[in-house]
Amino acid sequence: MGKEILIVDDNLKLSSSLARNFEQLGYLVHEAPNSRRAFGALESGSVGVVLLDIMLGEEDGLALLKDMVERYPGLPVIMITGFGSIESAVTSVKLGAYDYVQKPLDFNKLLKIVENAIKLGELEQENSTLRDRIVELSGSIVTGNDEVLAVCEKAKKLAGTNISVLILGENGTGKELLANLIHNNSLRASKKMVTVNSAAFPDSLLDNELFGHEKGAYTGAQSRFIGIIERAGDTTLYLDEIGDMSMSTQAKILRALQNQEIRRIGGTESIKVDIRLITSTNRDLDKLISEKRFRQDLYYRLNAAILKLPPLRERRDDIPLLTEYFLAQFSAENAKEVRSVSGEVMERFMEYAWPGNVRELKNTINYAATLAVADCINLEDLPTPLMERKRQGGQGSMLMEAEKRLILRTLKETGNNKRKAAMVLNISRKTLYNKLKKYEIDQYA
């Protein structure tokens, strides 16, 4: 919405007079003598307020008002009524009109109502945007693992700076979530973070996406294209899988970081940009540097702050917590409530290597919850990799240590209440006592 007005009135003389008055004050005015022309003008989505005459020739202005309110909720509509039509004016307000004015019109009074209506519309739009951002900001990393919590704390501290951050971790560990955590706690959080997956584009297309091009830069470039880096001004740019980027594109990224400027493909003008860069990769950058496939100078520029997310197999104490979270998420998004997993399923989850990490766990739960016939996921609901129960060599002691830490934490959280702890762990009290004995957890015996 903005300083654009739509006047809907079949009295062309009155409509033109009003239009001239508003245009002299800098407003852009559209005129429509009927409903067809009115809705045509509203399709642009830029009209900030409507002036609608109740007496609209052969059409019913109140019926048109009702239609407008249904199609464009939040758009202020000011009704223009004839002298003595106060009953119709009151009806219009009940139908959703912002306000009404009576003929003969007092332009100064009308102007004040229009200004207030536009301000209200802009405020509602801002509030709607803010509500969307609050929903977006509410997303967070689900963890109770000390190592991940330490990474998150470090990320929050880095958020208040403008330095580049490099996030390392296997696929599915939550690198983009961590990037969002940094952005959402930064001074740039009022704008949405811009994300690019470097591995999703061929080299030539990635250059074009990032830096844009001028008209005629190459065959088919029929108009100027503003690249992502330029569009990401004043916000955060997140480049995922930067290890898959070509050396030539890396050189351009380095130049953009050093000089805070870019040049469009085919352009001669340097364009200043103000971005905060966060990058991530699942690759071994030291190895890529030794193989001459990643620029060492760019690495030095990016590694001022490095955050590393551990794979799920190294944070197994988070598996029950994540399982509960994903089950709740699945139930909220689908017309099916699945509340838990069986003890056998949790045991399978705890021993599995999770090569796809948290993303694989989420996909597994969604798959199993879809197949489950009850409100509990059982072994037969699991996908093939977990049904085959493949243990990873040398994982036994690590699994036992993870289980021990999980039991200790659960007992602490339940105030050493064995019954509650067994319920949380989804095992019997007898099994819990056996495990306490097995792990020699004497203080809770």
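What radius of gyration does the chain have, against that of a compact globule of 445 residues?

**Figure 1. Overall dimensions of the predicted model.** The chain has a radius of gyration of 31 Å, whereas a compact globule of 445 residues would have one near 22 Å. Along the principal axes, the C-alpha atoms of the chain fill a box of roughly 90 × 60 × 35 Å. The secondary structure comprises 19 helices and 18 strands. Of the 445 residues in the chain, 44% are buried. The chain exposes about 23,400 Å², and carbon and sulfur atoms supply 50% of this area. Among contacts between residues at least 6 apart in sequence, 70% join residues at least 24 apart.

**Figure 2. Close-up of the open sheet formed by five strands.** The strand order is E2-E1-E3-E6-E7, and the pairing is parallel. Strand E2 (28–32) and strand E7 (99–102) are the edge strands, each pairing on one side only. From one strand to the next, the twist averages 20 degrees.

**Figure 3. Close-up of the pairing between strands E3 and E6.** Strand E3 (residues 49–53) and strand E6 (residues 77–81) run parallel and are joined by four bridges. Within this pairing, Leu 51 stands opposite Ile 78 in E6.

**Figure 4. Close-up of helix H1 packed on the sheet.** Helix H1 (residues 12–24) touches strand E1 (4–8) as well as E2, E3 and E6. The direction of helix H1 makes about 170 degrees with that of E2.

**Figure 5. Close-up of the largest nonpolar core.** This core has 35 residues, and those with the most contacts inside it are Phe 349, Trp 354, Leu 361, Ile 377, Leu 382 and Ile 407. Two or more residues are given to this core by each of helix H13 (319–333), helix H14 (343–351), helix H15 (357–371), helix H17 (396–413), helix H18 (418–425) and helix H19 (429–438). Apart from this core lies another, of 28 residues, which include Ala 232, Ile 271, Leu 288 and Phe 294.

**Figure 6. Close-up of the surroundings of Phe 349.** Phe 349 is one of the residues with the most contacts inside the largest nonpolar core. Residues up to four places away in sequence not being counted, Phe 349 touches Arg 316, Ile 319, Thr 323, Val 341, Trp 354, Leu 361, Thr 364, Ile 365, Leu 382 and Leu 386. Among these partners, Trp 354, Leu 361 and Leu 382 are also listed with the most contacts inside the core.

Notes
Residues are numbered from 1 along each chain as its sequence is written. This is a predicted model: local features need pLDDT of at least 70, side-chain atom pairs count only at pLDDT 80 or more; totals for chains, interfaces and linings use all residues. Side-chain values use heavy atoms; hydrogens and water are left out. Two strands pair if DSSP finds at least two bridges between them. Axes are lines fitted to C-alpha atoms, for helices over the stretch in contact, and angles run from 0 to 180 degrees between N-to-C directions. Contact means heavy atoms within 4.5 Å. A nonpolar core is a set of buried Ala, Val, Leu, Ile, Met, Phe, Trp, Tyr and Cys residues joined through side-chain atoms within 4.5 Å. Buried means under 20% relative accessible area, exposed over 50%, partly exposed in between (1.4 Å probe, protein chains only). The radius of gyration is taken over C-alpha atoms; the globule rule is 2.2 Å times the number of residues to the power 0.38. Accessible areas come from the Shrake-Rupley method with a 1.4 Å probe; for residues, only the protein chains shown count as cover.
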